[in-house]
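Hello,

Here is the structure I promised to pass on. Please open it first, then read my notes below.

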Amino acid sequence: MKKIVLIRHGQSIYNLENRFTGWTDVDLSENGYQEAKKAAAILKKHDYNFDIAFTSVLKRAIKTLHIILEDLDHLWIPEHKTWHLNERFYGALQGLNKEETAKKYGDEQVHKWRRDPDEEPPQLTKEDERYPGNDLRYQNLTPEQLPLSENLADTIARVLPYWNESIVPAISKNEKVIIAAHGNSLRALIKYLDQLSNEEVTAVEIPTGIPLVYELDDDLKKIRHYYLE
Ligand SMILES: O=C(O)[C@@H](CO)OP(=O)(O)O
């Protein structure tokens, strides 16, 4: 049996301010920092250790990972940062307040943008300063890989190839894996691991900073999953 740990970053400044975040590189809030410390303590209590870590290129996930690895005295393990594990790109909604957006466009539309796997939020333009093509960290992405907006299906389409090409080989070698990522990149992975329908995944909400264990069989099919306390 193989075990992997997934963790959504601790609360970010934009989570606290109730803003659409996506690829905006906001920091952890003080509460988010404490959540990461608590996650580390929980993992320590249950004697978890890791051989390899995967995270996004966004500091809220990277810092959450580092806080955990530091407290486990595991900062030395190999760590892979990839845009494939970034939060879903929220397009022109990035930075807007969720409640104000719901007042403007209606709760139903905002719920669709947030949770309907096929509903794409409004796109931003390439001239927009939030366009990832203007950000050095994405300089090696092809124009097709640089999003203007993403629905969950688009996020799945970039998370799963990375899972298959980079994370599965590590798990198959019996390496103990931790993945520190985001609400929607983890939702993409969970949809795949739990084989959820579009409707079922709509109800999946992942709390910030709580380690989520997936037990997998030798074919990497899910046996069970549970949050650590
Ligand atoms: O704003 C975001 O990027 C995400 C996660 O915080 O929000 P939501 O839960 O609405 O998809």
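Helix axes here are lines fitted to C-alpha atoms over the stretch in contact, and angles run from 0 to 180 degrees between N-to-C directions. Helices (H or I, at least four residues) and strands (E, at least two) are DSSP runs, numbered from the N terminus.

This is a predicted model: local features need pLDDT of at least 70, side-chain atom pairs count only at pLDDT 80 or more, and totals for chains, interfaces and linings use all residues. Residues are numbered from 1 along each chain as its sequence is written.

Start with α6 and α7. The axes of α6 (residues 152-172) and α7 (residues 183-193) come within 9 Å and cross at roughly 70°. α6 is therefore roughly perpendicular to α7; that label covers 65 to 115 degrees, with under 35 roughly parallel, over 145 roughly antiparallel and the rest oblique. On the α6 side, Leu152, Thr155, Ile156, Val159, Leu160 and Trp163 make the contact. They meet Asn184, Ser185, Arg187, Ala188, Leu189, Lys191 and Tyr192 in α7. Two residues are in contact if their C-beta atoms, placed from the backbone, lie within 7 Å. By class, this contact of α6 with α7 has eight nonpolar, three polar and two charged residues. Ala, Val, Leu, Ile, Met, Phe, Trp, Tyr, Cys and Pro count as nonpolar, Asp, Glu, Lys and Arg as charged, and the others, Gly among them, as polar.

Next, α2 (residues 30-45) and α3 (residues 59-71). Their axes come within 8 Å and cross at roughly 40°. So α2 and α3 are oblique to each other. Their contact has seven nonpolar, two polar and four charged residues.

Then α4 (residues 98-105) and α5 (residues 107-115). They pack at about 125°, with axes 7 Å apart. This pair is therefore oblique too. Lys98, Thr101, Ala102 and Tyr105 of α4 touch Asp107, Gln109 and Val110 of α5.

Now the ligand. Around the ligand are Asn15, Phe20, Thr21, Gly22, Glu87, Tyr90, Arg114, Gly183 and Asn184. Near means that a residue's C-beta atom, placed from the backbone, lies within 6 Å. This shell has two nonpolar, five polar and two charged residues.

Last, the annotation. An unreviewed UniProt entry places the feature "active site" at His9 and Glu87. Such positions use the numbering here, feature names are shortened, and annotations may be inferred rather than shown by experiment. The two span 79 residues of sequence, yet they cluster in space, with a largest C-alpha distance of 10.4 Å. His9 sits in the loop between β1 (2-8) and α1 (13-17). Glu87 is also one of the residues around the ligand.

Best wishes
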